Amino acid sequence: VGKALNLRRRIASYFHQRRRQPPKLRRMIGRARAVTIHETGSELEALLLESRLIKQEKPPFNQLSTAYVALPFVKLTLGEPFPRLMLTRELIPDGSHYLGPFPRLESAAVVLAALQRLFPLRTCETAILPGVFPTPCEAYHLRKCAAPCVGPPAAASYHPHVEALLALLARGHGAILRRLREERQQAADAMFFERARHLHTLLSAL
């Protein structure tokens, strides 16, 4: 089981310079009798199909057949009183909002960083009792978190940030890029050059 952008070139590569090929590959070619092709709409869809077929068919010549790794998602934990963004490889029906799957963990991390830059949602994993627990952390003092832990007024103003994030996600990835460009321009106009540079880096990565 394999994927390729150019199937003709990929299949032909198995029959060139066979004497130089590893014994395992020569055995596979000797046993092959037909090629079945599944066309997909994107490279990510091909990656998901490849993973599913390897798990389903357990082909003996696939190196990844016994080392399946779940793909990463960006998760908005809507099931919590004060939702947060996080990375996960588990897709479970818990009422959360999931973005993905992403082909690499690095890609998911870039999206997570961009969304956290735009919306001051909490990053801590502890339970929140506004005004009681926990003590506001460095993210609050750096104005990177709306900090529902500070007290009831801050807790009441936290959920509009969650609603604004969901509204942006509903408009698609283009809206996220436009919002980042706007934030970058505003930072540059206000001469916050470090913030503008960071936003530029996120834009390039996305």
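What pattern does the protein follow when read along the sequence? The answer is α-α-α-β-β-β-α-α-α-α-α-α, made up of 9 helices and 3 strands (DSSP runs, H or I of at least four residues for helices and E of at least two for strands, numbered from the N terminus). Keep in mind that this is a predicted model, where local features need pLDDT of at least 70 and side-chain atom pairs count only at pLDDT 80 or more, while totals for chains, interfaces and linings use all residues. Residues are numbered from 1 along each chain as its sequence is written, and side-chain values use heavy atoms, with hydrogens and water left out.

Now the overall build. The C-alpha atoms fill a box of roughly 70 × 40 × 30 Å along the principal axes. Of the 206 residues, 31% are buried, meaning under 20% relative accessible area with a 1.4 Å probe and protein chains only (exposed is over 50%, partly exposed in between).

Let's zoom in on Thr-77, which sits in the loop between β1 (73–76) and β2 (85–88). Thr-77 counts as buried because its relative accessibility is 4%. Its side chain makes a polar contact with the side chain of Glu-80 at 3.0 Å (a pair of N or O atoms within 3.5 Å; within protein, one must be able to donate a hydrogen and the other to accept it, and residues adjacent in sequence count only if both atoms are side-chain atoms). The Thr-77 side chain also reaches the backbone nitrogen of Arg-84 at 2.9 Å. Leaving aside neighbours within four places in sequence, Thr-77 is in contact (heavy atoms within 4.5 Å) with Pro-83, Arg-84, Met-86 and Ser-96.
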